[in-house]
Amino acid sequence: MSTPVERTLQARIAAHESWAKTSDRAARTAKARDALLTKFDRLVDPDGLLSPEERAYRAAQARKAHYTRLALKSAQARRRRGGKSRHEGGDS
């Protein structure tokens with residue numbers, strides 16, 4: 001049985017090999033990108049009542065809030081770790 005670290009490394013190897021064989025990265029990730037954009041559209045207009053322009057504006061604002069929230073959480077985690085970045089002093 002492999003350890004969690006070994007499984008993580010095996011998964012990374014598989015992911016890197018898979019991406020090395022991918023000729024059209026945008027096409028490979030298009031479905032996921034579309035699903036994420038649709039998620040924000042539904043979040044701001046669950047009943048489909050807004051105009052397309054207003055829905056697009058609100059969805060863009062919701063995305064910005066989401067990614068800003070992630071950046072805040074990342075900064076807080078870095079501060080808790082003592083300011084070390086992911087690449088300083090780790091095998092990650």
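This is a predicted model: local features need pLDDT of at least 70, side-chain atom pairs count only at pLDDT 80 or more; totals for chains, interfaces and linings use all residues.
**Patches, salt bridges and helices**

Biologist: Why is Leu 70 called partly exposed?

Modeller: Leu 70, in helix α3, has 41% relative accessibility. Buried means under 20% relative accessible area and exposed over 50%, with partly exposed in between (1.4 Å probe, protein chains only), so Leu 70 at 41% is partly exposed. A patch takes residues with over 30% relative accessible area and no salt bridge, joining nonpolar side chains (Val, Leu, Ile, Met, Phe, Trp, Tyr) within 5 Å and like charges within 9 Å.

Biologist: Which residues gather in a patch of positive charge?

Modeller: That's Arg 78, Arg 79, Arg 80 and Arg 81, on the surface. Lys and Arg count as positive, Asp and Glu as negative, while His and the chain ends are not counted. Arg 81 sits in the segment after α3 (52-80), and its 47% relative accessible area makes it partly exposed.

Biologist: How many helices and strands does the protein have?

Modeller: Three helices and zero strands, in the order α-α-α from the N terminus. Those are DSSP runs numbered from the N terminus (helices H or I, at least four residues; strands E, at least two).

Biologist: What makes Arg 55 and Asp 45 a salt bridge?

Modeller: Their closest N and O atoms are 2.9 Å apart. A salt bridge needs a side-chain nitrogen of Lys or Arg within 4 Å of a carboxyl oxygen of Asp or Glu, so this pair passes. The pair links distant parts of the chain, ten residues apart: Arg 55 is in helix α3, and Asp 45 is in the loop between α2 (25-44) and α3.

Biologist: Is Asp 45 buried or exposed?

Modeller: Buried, because its relative accessible area is 8%. Arg 55, with 22%, is partly exposed. Across the protein, buried residues make up 7% of the 92 residues.

Biologist: How many salt bridges does the structure hold?

Modeller: Two. Glu 54 and Arg 58 also meet in one, at 2.7 Å from N to O. Both lie in helix α3, four residues apart, about one turn of the helix. Arg 58 is partly exposed because its relative accessibility is 37%, and Glu 54, at 30%, counts as partly exposed too.

Note on methods. Residues are numbered from 1 along each chain as its sequence is written. Side-chain values use heavy atoms; hydrogens and water are left out. Accessible areas come from the Shrake-Rupley method with a 1.4 Å probe; for residues, only the protein chains shown count as cover. The place of a charge is taken as NZ of Lys, CZ of Arg, CG of Asp or CD of Glu.
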